Amino acid sequence: MSETPQEPLPVPAAPVPPPRQTLSYLHRLFEAHGLSPKSKLGQNFLIDLNLLDLIVRTAELDKSDAVLEVGTGTGSLTAKLADPAGVVVTVEVDRSLQPVAKEVIGHRSNVRFVFGDALAKKSELNPDMLSTWDAAAKEAGCTRKKLVANLPYVIATPLISNLLIGHPEIERMVVMVQWEIAERMKAVPNTKDYNALSVLVQSIADVETVRKVAPSNFHPRPKVDSAIVLIKPNAEKRAKVGDVMKFRIFLRDLYVHRRKNLRQALAGWPTGARDKKDVDAKLAELGIDGTLRSESLDIEQHLRLAAVFG
């Protein structure tokens, strides 16, 4: 849970230009504050200036936008977001970075800080973060919401999933995530990356990989590749799903034992076993082969299964 959000920064005569975050700049900044990156918090700071600019361009920001950034870090991306956006609510769990971020961001009056975890728990977003975002958007007169962030790897999947499920008003998400997560979100049936996350995201949003990003673009270097991903919630797709939370729960239970075939998985349901003859009859009505595995089904077939077995 987060602590009480900080007051907005004082209004300056003009915003301070954002620093050009390079490796040498980061070293000097951390040394000046007696800090070092914390691997347990998934802190990997982007040092490629062109990639920072690409994230901002992909977000297509203007003064109508209330931006949520999760993972303030040193505030370099925050400052770049704040200049074109109406308001930026930036969330950071590591309070030791507070003086660094405030120094880098400077006196930008349209930045709001929330110091705490973006997740209250795995399946629940921090209510303080959400209320601060809502209030900031209203105060600034913003009509759109966007998530734009270099996400800490450890929270990327639950954060994206929970925002997609509970906040269809978000116009887009531009996020840096692990390459593996990017591949899962846009995977197709009968591939190794296709799973419940693939089905959930693609059933309510359009997903595009903007750029693959090598470890050398971060400090410290992660052990895996990353990707900038554009996710755009799709109202028409969402309408076909109906109850998105119910569908998410169905997918979770369906993929508990993903190596089982559909007949076995549906009959041995985690919340209560089903009669196998009844399962067979329903699958036959749907025209779906019970010997198939769930990862071989497309989005439409998952939706049909959920409507009958959900």
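Hi everyone, let's start with Asn44, which is buried at a relative accessible area of 16%; buried here means under 20%, exposed over 50% and partly exposed in between, using a 1.4 Å probe and protein chains only. This is a predicted model, where local features need pLDDT of at least 70, side-chain atom pairs count only at pLDDT 80 or more, and totals for chains, interfaces and linings use all residues. Residues are numbered from 1 along each chain as its sequence is written, and side-chain values use heavy atoms, leaving out hydrogens and water.

So where does Asn44 sit? You'll find Asn44 in the loop between α1 (23-33) and β1 (45-46); helices (H or I, at least four residues) and strands (E, at least two) are DSSP runs numbered from the N terminus. Leaving aside residues up to four places away in sequence, Asn44 touches, among others, Asn150, Tyr153 and Phe218, a contact being heavy atoms within 4.5 Å.

Now over to Asn150, in strand β7 (residues 144-150). Asn150 is buried too, at 17% relative accessibility, and its side chain reaches the backbone oxygen of Asn44 at 3.2 Å. That is a polar contact: N or O atoms within 3.5 Å, where within protein one must be able to donate a hydrogen and the other to accept it, and residues adjacent in sequence count only if both atoms are side-chain atoms.

The UniProt record, an unreviewed entry, lists both Asn44 and Asn150 under "binding site"; such annotations may be inferred rather than shown by experiment, with positions in the numbering used here and feature names shortened.
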